[in-house]
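Hello,

Here is the structure I promised to pass on. My notes follow below it.

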Amino acid sequence: MFLVRKGNPKAIRDWNDLVRPGVAVITPNPKTSGGARWNYLAAWEFAKHRFGSDAQAQDFVARLYRNVPVLDAGARGSTITFYPARHGRRAARLGKRGKDGGVRIRCREVRDREALGQHPCRTHVALVDKDVDKKGKWDLVEADLGHLYSDDAKDIAGRSHFRPTGEKAGQKYAARFQNLKLFTIAESFGNWTLADKRHFADGASFDQIYTAK
């Protein structure tokens, strides 16, 4: 979803609206922000699917970044740039403050393709055996890990405006989310290593786009 000013004065409904003259886009620097890389790759895949080639996708993303007035290092910085009165709040929570805060959530109405944001920090858990052995807390660790993938956890995700996995939570919160055709990084870019090399390494597509800006 996009976070827009109250009343959506620029009528932002689709990725194409972000490249129009007079539109300012606030997004972090994909060289320093993991979340910004999702934004970048989602825009790239949208354009490639819509227009037909990587060359046209690069041109589209270049036009989008011409509308980015400042690249903050991370998502918190961009949130503050967009909305200084509420430092670091989640976009979904910001949207609920539309009456007094001057922002609202605008779901993208495009029915094309959207990135399935499977952030490693949110979908994978590492545990160190020797630390758990030292504390003797295997029962608590296993209970915690089990809960992360339980129906209750998926319900919390949906309630918190994250698209939940699982049939039960998916049906319960279906009205909150558009019926988008989602793609994964693996499907569209091979894997994260290849995506990083092609788009975010020194001299890769982002450097080419932003240098040209």
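**Aromatic cluster and core**

Y40, W44, Y65, F200, F206 and Y210 form one aromatic cluster. This is a predicted model, in which local features need pLDDT of at least 70, side-chain atom pairs count only at pLDDT 80 or more, and totals for chains, interfaces and linings use all residues. Residues are numbered from 1 along each chain as its sequence is written, and side-chain values use heavy atoms, with hydrogens and water left out.

Next, the core. The largest nonpolar core has 31 residues. A nonpolar core here is a set of buried Ala, Val, Leu, Ile, Met, Phe, Trp, Tyr and Cys residues joined through side-chain atoms within 4.5 Å. Buried means under 20% relative accessible area, exposed means over 50%, and partly exposed is in between (1.4 Å probe, protein chains only). W15, Y40, F60, V61, L64 and Y65 have the most contacts inside this core. Two or more residues come from each of β1 (2-5), α1, α2 (54-66), α11 (185-189), α12 and α13 (205-212). Helices (H or I, at least four residues) and strands (E, at least two) are DSSP runs, numbered from the N terminus. α1 gives the most to the core, with 8 residues.

Y40 counts as buried because its relative accessibility is 0%. What does Y40 touch, leaving aside its neighbours within four places in sequence? Y40 is in contact (heavy atoms within 4.5 Å) with P30, V61, Y65, H199, F200, S205, F206 and I209.

Helix α1 (residues 34-51) also meets helix α12 (residues 192-200): their axes come within 12 Å and cross at roughly 80°. Axes are lines fitted to C-alpha atoms, for helices over the stretch in contact, and angles run from 0 to 180 degrees between N-to-C directions. The two helices, α1 and α12, are therefore roughly perpendicular (65 to 115 degrees; under 35 is roughly parallel, over 145 roughly antiparallel, the rest oblique). On the α1 side, R37, W38, Y40, L41 and W44 make the contact. On the α12 side, W192, A195, D196, R198, H199 and F200 do.

**Aromatic pairs**

The whole structure holds 11 aromatic pairs. Rings of Phe, Tyr and Trp (its six-membered ring) pair if their centres lie within 6.5 Å; planes under 30 degrees apart are stacked, over 60 edge-to-face and the rest tilted. The rings of F2 and W15 have centres 5.4 Å apart and planes at 90°, so this pair is edge-to-face. F2 is in strand β1 and W15 in the loop between β1 and α1, 13 residues apart. Both F2 and W15 are buried.

Y40 and F200 are edge-to-face too, because their ring centres are 5.2 Å apart and their planes lie at 65°. Y40 sits in helix α1 and F200 in helix α12, so the pair ties together parts 160 residues apart in sequence. F200 counts as buried, at 4% relative accessibility.

**Backbone points**

Most residues other than glycine have a negative phi. Which residues go the other way? N8 is not a glycine, yet has a positive phi of about 50°. N8 lies in the loop between β1 and α1 and is buried, with a relative accessible area of 8%. H161 also has a positive phi, about 75°, without being a glycine. H161 is in the loop between α9 and α10 and counts as partly exposed, at 30% relative accessibility.

Best wishes
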